[in-house]
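The sequence and structure are shown first.

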Amino acid sequence: MKIKNLKIPGKTFLAPLAGITNLPFRLLVKECGCSVVCSEMVSAKGIFYNSKNTITLLASKKEEQPLSVQLFGSEPGSMAMAAKFVQDMKTADIIDINFGCSVKKVMKQGAGVALMNEPELTKKILQAVRKATNLPLTIKLRAGLDHSGQQAFTIASIAQDEGVDAIIMHPRSAGQGFKGKANWKLIAKLKQQLSIPVIGNGDINHVEDAKKMVELTGCDAVMVGRAAMVNPFILSQIDDFFKTGSYHTPSPWEIFRKMERLTFMYVDYFGEKPACKMLRGRLSWFVKGMAGCSSLRKNLSRINSRDHALALIKEFEAGII
Ligand SMILES: Cc1cc2nc3c(=O)[nH]c(=O)nc-3n(C[C@H](O)[C@H](O)[C@H](O)COP(=O)(O)O)c2cc1C
């Protein structure tokens, strides 16, 4: 599959996840195997005003490429400036625009899923961004403000006409948040409507779900979010499953090594104190379902140093292997 002139090595995209898909997490997923990783959503206004916290979100490393950087905003001028800024940093391979975020703070600015109700403004934003960058450009949208998918079809059609190179669809309505089920039928309908690639997203919880989504919708690739938070191997497992019909299930030993790796990378990148605060919840996701994991989760929720975290992982490992 190609997005504009960018050849995508497989069929899997790590979803943008605010607060989660920071540089160390993306590197970990990439090391496990994944075709494309996506940044957290980045405020175009924040780039425009040179906010230090926003610019930090754009940090990247060669090893994670191809990288998609997701921008959110609602003003054509600042969106175009942000896209050009990202292009000039020479770290992003794709620019994605957020048409799906239903968080109040984002919608109040007229950004995220609020844009799906604004076809004229959408057109202006896409024209401005397309003019500002020649990087492959994608948009990630929801079904719309209601369940019908009509707004998605309208916005996607405008996007294709304005030179967007691929569409990512998470087929839930704005009001649904993450409740109920993603309506994959809307992905199938969108795929029939468009000539540019469609990437399906929503409720891929197991490797086999990805195959089902492709078979049912005809989508060109899949994007996985929450399942990768629990199992960072899932994207490589999906790519393997597509290529060979089988995939490797990581042993507890492999999972513990990834937990250690994430601990080292977080501490290196964020510093020990902030890293430990973030790792308290994050490390326990990886052992979900393992016998005795609730006691590890309790202990991990109190970690205050890298060595403390590493010792708890080793102790838990010794108990179960
Ligand atoms: C914690 C969290 C943060 C998210 N942040 C973003 C974001 O920054 N940009 C975006 O487009 N979607 C965001 N999403 C939505 C996901 O990218 C994805 O569309 C959604 O989780 C459905 O896919 P899944 O079923 O594979 O998780 C977020 C979802 C979660 C759970």
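## Domains and their contact

The protein is divided into domain 1 (2-244) and domain 2 (252-320), with bounds that come from an automatic or database domain assignment. This is a predicted model, in which local features need pLDDT of at least 70 and side-chain atom pairs count only at pLDDT 80 or more, while totals for chains, interfaces and linings use all residues. Residues are numbered from 1 along each chain as its sequence is written.

The centres of the two domains, taken over C-alpha atoms, are 29 Å apart. Eight residues of domain 1 are in contact with eight residues of domain 2; contact means that the C-beta atoms, placed from the backbone, lie within 7 Å. On the side of domain 1 that touches domain 2, α1 (23-32) and α10 (226-230) each supply at least two residues. The largest share of that side, five residues, comes from α1. Helices (H or I, at least four residues) and strands (E, at least two) are DSSP runs, numbered from the N terminus. By class, this side of domain 1 has eight nonpolar, no polar and no charged residues. Nonpolar covers Ala, Val, Leu, Ile, Met, Phe, Trp, Tyr, Cys and Pro; charged covers Asp, Glu, Lys and Arg; the others, Gly among them, are polar.

## Helix α1

Eight of the ten residues of α1 are buried. A residue is buried if 20 or more other C-beta atoms lie within 10 Å of its own, exposed if 12 or fewer, and partly exposed in between, with C-beta atoms placed from the backbone. The buried residues are L23, P24, F25, R26, L28, V29, K30 and C32. Their cover includes β3 (12-14), β4 (37-43), α10, α11 (234-244) and α12 (252-270). After α1 comes G33, with a positive phi near 115°.

## Ligand surroundings

Of the 22 residues around the ligand, A15, A18, M41, G225 and R226 come nearest; a residue counts as near if its C-beta atom, placed from the backbone, lies within 6 Å. β4 and α10 each supply at least two residues of this shell. The shell has ten nonpolar, eight polar and four charged residues.

## Backbone features

Two residues other than glycine have a positive phi.

| Residue | Phi | Loop |
|---|---|---|
| K90 | about 60° | between α4 (76-89) and β6 (94-99) |

K90 counts as exposed because it has 8 C-beta neighbours inside 10 Å, whereas D203 is buried, with 21 other C-beta atoms within 10 Å. The peptide bond from Q65 to P66 is cis, with omega near 5°. P66 is in the loop between α3 (52-56) and β5 (67-72).

Key. Contact = placed C-beta atoms within 7 Å.
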